[in-house]
2 protein chains.
Amino acid sequence: MLPELNDLKTFRDALNQAPGPDDAALLGAADRNGQLTKPPGALGRLEDLAIWYAGWRGDARPQITAPQVIVFAGNHGVTAQGVSAFPPEVTVQMVMNFEHGGAAINQLAKAAGATMNVHALDLDRPTADFTSGPAMSEDELLEALRVGWTAVDPTADLLVVGEMGIGNTTPAAAIACVLFGGEASDWTGRGTGVDDAGLANKTRVVAEGVALHAGSGDGVEVLRRLGGREIAAMAGAIAAARVLRIPVILDGFICSAAAACLADVSAEALDHAIAGHQSAEGAHAAVLAKLGKEPLLNLGLRLGEGSGGALAINILKSAVACHSGMATFAEAGVSDG
Amino acid sequence: MLPELNDLKTFRDALNQAPGPDDAALLGAADRNGQLTKPPGALGRLEDLAIWYAGWRGDARPQITAPQVIVFAGNHGVTAQGVSAFPPEVTVQMVMNFEHGGAAINQLAKAAGATMNVHALDLDRPTADFTSGPAMSEDELLEALRVGWTAVDPTADLLVVGEMGIGNTTPAAAIACVLFGGEASDWTGRGTGVDDAGLANKTRVVAEGVALHAGSGDGVEVLRRLGGREIAAMAGAIAAARVLRIPVILDGFICSAAAACLADVSAEALDHAIAGHQSAEGAHAAVLAKLGKEPLLNLGLRLGEGSGGALAINILKSAVACHSGMATFAEAGVSDG
């Protein structure tokens with residue numbers, strides 16, 4: 001059951017008190033895996049994925065029948081500083097495109113057999129420019145977290161969250177830099193495709209935000225000061241899934257920055273999450289390394305929208321299908337070596 | 001149209017004369033890709049995959065609706081030398097398992113929306129032990145090639161070929177060593193899981209085969225001398241798909257060894273093929289590097305059966321779904337930067 005999100009303390013407490021995977025299901029799944037008609041370990045990571053999934057679902061022989069993809073959209077005051085190759089109007093235009101089924105994530109969700117929901121968060125009310133103050137007030141953060149928290153279908157058996165928000169690799173880079181340390185340039189990439197001068201400007205903006213907000217608090221406070229509404233909504237949805245024991249496939253750089261804010265609050269906050277892919281966006285590999293997540297795919301995607309997470313759904317579905325659908329050596333009458 | 005396979009010359013000629021991709025479709029697909037609602041290049045390898053697929057299908061906006069998975073099974077005289085962790089009876093037992101739907105490839109083909117066919121090739125008549133002479137006569141090779149050649153559904157729009165054959169990483173290693181040079185130990189791995197002593201014995205067997213048959217002819221002759229019936233059938237099917245312009249997703253080490261025999265006959269023989277995954281079987285990465293194929297997946301699979309190829313079908317389907325299903329900037333009314 002998901003508690004109502006009345007304040008930020010409830011959010012932090014929910015993360016810290018969320019239940020772990022089911023030990024009996026983990027053991028049952030590992031035992032079953034050892035009896036399936038294949039040489040030991042021959043399905044590689046698919047075996048680990050299936051056992052991990054079984055644990056979170058509390059079922060040693062689970063199925064995936066109801067994946068949910070949620071795309072959150074938000075606008076960013078920091079775009080006034082020229083950090084993106086695209087104008088901020090594109091955020092609302094792309095939301096229309098999502099709603100009409102014309103974007104990449106629509107095709108990818110469909111190919112994965114997933115339902116898809118879109119939540120546009122106050123697109124006409126961009127967050128404040130984080131180089132002059134916090135991006136959001138506590139109330140604004142709570143409202144955005146709540147959008148994500150309540151967007152998760154409690155009957156879903158797998159979740160991917162994606163985002164659209166022109167300029168949002170800039171707050172993601174600033175969040176990563178504050179949480180993980182290093183220089184602004186370590187975390188700042190080309191996003192949708194800024195040139196060298198654009199990258200230098202973007203790095204300056206990230207550095208200013210980091211200088212102003214570093215050391216101010218935990219991941220939730222970092223999210224408030226440097227994030228955006230869609231980034232907070234992603235964090236809210238990933239946290240809700242953790243409480244509901246719905247496994248999550250993380251998408252790219254921005255999704256991982258949102259997730260990193262949760263990991264800063266509780267070391268087990270992302271145990272229900274795997275990395276769908278490694279994005280080509282500069283620092284995504286480094287964020288995944290910090291989170292201890294090995295990506296399933298590495299195909300040079302850098303689109304966001306949940307695209308890399310959605311692309312990985314069929315991998316996890318295939319892993320679970322093998323685990324739960326294969327015959328055992330005894331059932332098939334096959335000699336086990 | 002697929003010519004009748006009356007002799008090995010017809011096979012070699014078909015490979016050398018097979019048509020390439022459709023230039024107009026390639027250009028049309030590249031043009032369309034540039035107009036889709038995403039930053040340029042943001043879908044990474046998915047964009048290249050879709051354009052490649054469009055070229056082979058002769059359609060700038062293609063769909064994948066009829067993938068075919070074919071599993072070939074064969075037995076190997078060389079198993080008498082103790083090269084496998086499993087007894088040769090397992091080949092026929094696993095064929096029964098395929099037919100009853102209990103193997104990994106059954107689940108993976110189903111998850112990919114693919115039809116699946118199984119061809120058992122004379123399981124009660126293993127090939128000859130290649131350490132004392134050629135594994136097959138010319139007639140035996142032709143017959144096995146023909147099984148693969150005629151197994152391809154001409155209405156399929158994507159092909160994965162897999163194999164089952166206890167002991168068959170040994171002939172695959174010997175083929176790779178003859179075609180690509182180096183030492184037997186460079187190409188010999190643990191297969192289904194031999195121990196250190198088993199690996200040393202297997203390496204000796206590969207070295208003996210290489211010593212006896214190296215320098216004897218082209219890839220087709222290498223296939224006859226060192227291959228097996230299921231390996232030849234895979235080569236026959238991949239070649240038929242080349243003639244029919246049906247794109248192929250290669251599976252693991254044994255499939256790639258079969259494919260390498262074709263590449264030795266014609267440099268363009270595998271232009272219609274991509275590597276579905278990199279197997280954990282020792283030398284697969286090296287074979288793919290020799291073939292110039294970058295794997296889509298690297299998840300530690302080492303099962304064969306077509307499992308890694310089938311797992312990659314949904315990646316290619318997703319790429320094509322994005323390409324053909326997304327809206328253009330003009331259609332969606334989105335500013336293109």
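This is a predicted model: local features need pLDDT of at least 70, side-chain atom pairs count only at pLDDT 80 or more; totals for chains, interfaces and linings use all residues.
Leaving aside residues up to four places away in sequence, Glu294(B) touches Arg45(B) and Ala275(B). Is Glu294(B) buried or exposed? With a relative accessible area of 56%, Glu294(B) counts as exposed, because the cut-off for that label is over 50%. Glu294(B) and Ile274(B) are 20 residues apart along the chain, and their C-alpha atoms are separated by 7.6 Å.

Chain A has a loop between α13 (284-291) and α14 (307-325) too, and Arg302(A) is found there. Arg302(A) is partly exposed, at 25% relative accessible area. What does Arg302(A) touch, not counting residues up to four places away in sequence? Within chain A the list is Gly191(A), Thr192(A), Ser279(A), Ala280(A) and Glu281(A), and from chain B come Pro39(B), Pro40(B), Gly41(B) and Ala42(B). So this arginine has contacts in both chains. Ala207(A), on the other hand, is 95 residues from Arg302(A) in sequence and 22 Å from it in space, going by the C-alpha atoms.

The loop between α13 and α14 of chain A also holds Glu305(A). Here the backbone does something worth a look: Glu305(A) has a positive phi of about 70°, although it is not a glycine. At 2% relative accessibility, Glu305(A) counts as buried, since the limit is under 20%. Arg245(A) is another residue with a positive phi, about 55°, without being a glycine. Its place is the loop between α11 (229-244) and β4 (248-250) of chain A. Arg245(A) has a relative accessibility of 23%, so it counts as partly exposed.

Back in chain B, helix α4 covers residues 89-99. Which residues of this helix are buried? They are Val90(B), Thr91(B), Gln93(B), Met94(B), Val95(B), Asn97(B) and Phe98(B). Within chain B, the buried residues of α4(B) pack against β1 (67-73), α5 (104-111), β2 (115-120) and β3 (158-164). Across in chain A, they also pack against α15 (329-332). Just past the end of α4(B) comes Gly101(B), with a positive phi of about 80°.

Now for the whole of chain A. It has 15 helices and five strands. How does its radius of gyration fit with that of a compact globule? For 337 residues such a globule would have a value near 20 Å, and chain A has 20 Å, so the two agree. The C-alpha trace spans about 70 × 40 × 40 Å along its principal axes. Of the 337 residues in chain A, 61% are buried. Among contacts in chain A with a separation of 6 or more, 80% join residues 24 or more positions apart. The accessible surface of chain A comes to about 11100 Å², and carbon and sulfur atoms account for 49% of that. As for charge, chain A carries 22 positive and 38 negative side chains, with the centres of the two sets 2 Å apart.

How are the two chains related?

Notes
Residues are numbered from 1 along each chain as its sequence is written. Chains are lettered from A and ligands numbered from 1 in the order in which they are written. Side-chain values use heavy atoms; hydrogens and water are left out. Helices (H or I, at least four residues) and strands (E, at least two) are DSSP runs, numbered from the N terminus. The radius of gyration is taken over C-alpha atoms; the globule rule is 2.2 Å times the number of residues to the power 0.38. Buried means under 20% relative accessible area, exposed over 50%, partly exposed in between (1.4 Å probe, protein chains only). Contact means heavy atoms within 4.5 Å. Accessible areas come from the Shrake-Rupley method with a 1.4 Å probe; for residues, only the protein chains shown count as cover. Lys and Arg count as positive and Asp and Glu as negative; His and the chain ends are not counted. The place of a charge is taken as NZ of Lys, CZ of Arg, CG of Asp or CD of Glu.
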